[in-house]
Amino acid sequence: MGADAKTAMKVDITEAAARRIAKIVSGEAGKTALRVSVEGGGCSGFSYKFDLVDTRNDDDVAIEKDGATVLIDDLSLVYMGGSVIDFVDDLMGQSFQIRNPNAVASCGCGTSFSI
């Protein structure tokens, strides 16, 4: 895989997301990471799923920052390459948001997208 392909498959985490993930995981006994995956469905074709987990699978890519670990499986990474995972706390509420350059459309809920 060339350098461009590796860069395209990279997912980043903002400092705000890392802080929030570390806080959530530390409050859940036995959990070690946040798993982000892409599933078929949702109002735009694909949707993001967030789970707290205690194990790492063989096909997981681990992204670590500021004490937080995010796990993304190989298949989901294909759809998420180049994305940035952020945590937003504003008047609309608190939520994880994924800025995905591969998405050509998304919906108002922020968890569904199409490619």
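**Note on the salt bridges**

1. Six salt bridges are present in the structure, a salt bridge being a side-chain nitrogen of Lys or Arg within 4 Å of a carboxyl oxygen of Asp or Glu. This is a predicted model, in which local features need pLDDT of at least 70 and side-chain atom pairs count only at pLDDT 80 or more, while totals for chains, interfaces and linings use all residues. Residues are numbered from 1 along each chain as its sequence is written, and side-chain values use heavy atoms, with hydrogens and water left out.

2. One of the salt bridges joins D60 to R35, with 2.8 Å between the closest N and O atoms. This pair connects distant parts of the chain, 25 residues apart: R35 lies in strand β2 (residues 33-40) and D60 in strand β4 (residues 60-65). Strands here are DSSP runs (E, at least two residues), numbered from the N terminus. Both D60 and R35 are buried, where buried means under 20% relative accessible area, exposed over 50%, and partly exposed in between (1.4 Å probe, protein chains only).

3. K49 pairs with D51 in a salt bridge whose closest N and O atoms are 3.7 Å apart. K49 has 35% relative accessibility and therefore counts as partly exposed; D51, at 27%, is also partly exposed. K49 and D51 belong to a network of salt bridges that includes E39.

4. Which residue does E64 meet in a salt bridge? The partner is R56, at an N to O distance of 3.5 Å. E64 is classed as exposed because its relative accessible area is 55%.

Conventions
Helix = DSSP H or I, 4+ residues; strand = E, 2+ residues; numbered from the N terminus.
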